[in-house]
Every structure is written in C-alpha cells, then in structure tokens.
Amino acid sequence: MKQALLATAALAALTVAAAPAHAAPKDPVKALNATIVPGHGVRFTGSVTWTDGTDERGARDLKGVFQFGKKDVAAFDITMKDGDEQQRVIGIGKTGYYSGGFIAGLLPEGKTWYKEKNRGMPDSWSQFINPAEAKTLARLLKNGTTRGDTVSGSITVKELKAVSAWVSAARIGKEHDGVKISYTLTLSSAGLVSRVRSTYALAEDGTTYTSTVDSRYTGWGGKVSVKAPAPATVTTKLR
C-alpha cells in the first residue's frame with residue numbers, strides 16, 4: 001500500500017512538471033518598437049461601410065503601406081477606391097503628394113500630382129487609428145480593455161491629436177474634438193496588431209451617419225519603399 005502511494009505521488013509530480021507553462025502576454029508596444037527600423041514597415045488593406053440607421057453601404061476600399069524611420073512612421077503610400085473613383089496619397093516626412101479624386105480636375109495640363117504640406121490622414125474614411133505609431137498604440141492599450149488577443153475601447157479625436165501625428169497633421173477642426181471613436185484591436189501571437197476595427201458617428205443635416213473602418217495589417221518589419229512621384233508630374237499650383 002505504501003509503495004502504491006509513493007508511486008502515485010511520483011506520478012503526480014511528473015504530471016505537474018510536464019504541464020505546459022502558459023506564455024506571458026506579449027507587450028504590443030515592445031513588439032511594435034522591435035519592428036521600427038528605417039526602410040521597413042507594414043502593409044495594410046481595409047474597407048469602409050456606413051449606415052444612416054436604415055441603409056448600409058460599402059463606401060471605400062483601402063490599400064497601403066507605412067514605412068518607418070528611426071523612431072516612428074516616416075512615410076506612407078495609400079490608395080483609396082470609392083466605386084470607380086480612385087485617389088492616392090503619398091506622405092514623406094513633412095511633404096504630401098495628392099492624386100486623383102477632386103484634385104485631378106484642378107491640376108494643370110500634364111500634371112498628375114499636387115504637392116503641399118503632408119496632411120497625414122487624408123480623411124475620416126482613411127482609418128483614424130494608426131497602430132504603427134507607438135504613442136498611439138500605448139494610449140489605445142491604456143484606454144481599452146484587453147481580453148485574450150483583443151483590445152477594445154474608445155478614444156476621442158482630441159485624445160488622438162495629442163498622441164498621433166497621423167491625426168494631428170490632418171485638417172480636423174476643434175468642433176470635432178469630442179467625436180468618440182470605438183475600436184477593437186486584434187493582436188497576433190507575436191503581440192503585433194493584425195486588425196483594427198473602428199466606428200464613429202457624425203451628424204449632418206439632422207441625420208447621424210455611422211462609419212466603420214476595418215483594416216488588416218501584414219508583414220510587420222518587412223522591407224518597404226515609399227517614393228515620391230516623378231518631379232515632372234508634380235505641381236504646387238492648382239487651376
């Protein structure tokens with residue numbers, strides 16, 4: 001009987017020792033910072049839908065890349081398709097290049113790009129949340145609640161302006177500072193953001209429109225290259 005008890009105790013000890021240890025949750029900000037190397041970045045795709053409470057429509061498709069500098073996002077290249085209309089925006093440092101959309105009809109003959117100050121996020125349908133910015137990601141984690149591989153919360157436009165160069169560079173008036181953006185981040189096993197889903201509501205002419213931007217991010221830390229358009233195609237003047 002004593003030998004049986006000893007054998008059982010030994011088996012229990014072996015079973016405990018063999019149990020797999022649960023890995024500690026990865027720090028998303030540290031995971032992001034590890035990928036921030038000049039000439040490297042992340043690619044993304046996305047879609048936008050909106051509803052006025054009775055009708056829901058797809059509004060836009062997104063495709064682009066963020067390129068890192070030494071400490072943060074240094075450049076981006078985004079293509080936005082609204083039905084048959086296509087726009088493209090390139091930001092490199094403090095300079096922005098804009099093509100397509102309403103700009104196309106204002107350009108002098110022979111020019112396809114308009115050059116001016118980098119305005120960051122082209123518009124509200126371009127995804128307010130930029131998970132490639134370490135300060136932005138840290139604030140999203142602070143505001144949100146983490147459950148498993150998702151982080152859900154909300155943040156105002158004013159809060160984003162304080163931490164996100166992507167948003168602060170955009171021409172967003174103070175009257176929109178109180179707009180609240182609800183978000184859900186999905187994290188990969190490496191702690192990197194693989195998906196961002198954000199929703200916000202804006203009132204116009206007595207009707208409230210709710211927009212949802214769903215973006216997916218791939219290739220964190222891979223080599224990317226954002227280049228300015230050919231100088232001969234660029235102008236700083238509009239007709």
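This is a predicted model: local features need pLDDT of at least 70, side-chain atom pairs count only at pLDDT 80 or more; totals for chains, interfaces and linings use all residues.
User: Where does strand S5 find a partner, and do the two run parallel or antiparallel?

Analyst: In a regular strand, side chains alternate between the two faces of the sheet. Here, strand S5 (residues 95-100) is joined to strand S6 (residues 113-117) by four bridges, and the two run antiparallel. Within this pair, Thr-95 stands opposite Lys-117 in S6.

User: In what sense does S6 pair with strand S12?

Analyst: S6 and S12 (residues 234-235) pair in the parallel sense, over two bridges. Trp-113 has Val-234 in S12 as its bridge partner.

User: How many cavities of 30 Å³ or more does the structure hold?

Analyst: The structure holds two.

User: Which residues line the largest cavity?

Analyst: The lining consists of Phe-44, Leu-62, Phe-66, Ser-126, Gln-127, Ile-129, Asn-130, Trp-166, Ser-215 and Tyr-217. Strand S2 (56-68) and strand S11 (207-223) are the elements that give two or more residues to this lining.

User: How do the residues of that lining divide into nonpolar, polar and charged?

Analyst: For the largest cavity, six are nonpolar and four are polar, with no charged residue.

User: Which residues line the second largest cavity, and how do they divide?

Analyst: Pro-28, Leu-32, Pro-131, Leu-137, Gly-191, Leu-192, Val-193 and Trp-220 line the second largest cavity. Seven of these are nonpolar, one is polar and none is charged.

Technical notes. Residues are numbered from 1 along each chain as its sequence is written. Side-chain values use heavy atoms; hydrogens and water are left out. Two strands pair if DSSP finds at least two bridges between them. On a 1 Å grid over the protein atoms alone, a cavity is a set of points where a 1.4 Å probe fits but cannot get out, and a pocket is an open set with protein on both sides within 12 Å along at least five of seven lines; lining residues have an atom within 4 Å of a point. Grid points are joined across faces, edges and corners, and a volume is the space filled by probe spheres set on the points. Ala, Val, Leu, Ile, Met, Phe, Trp, Tyr, Cys and Pro count as nonpolar, Asp, Glu, Lys and Arg as charged, and the others, Gly among them, as polar.
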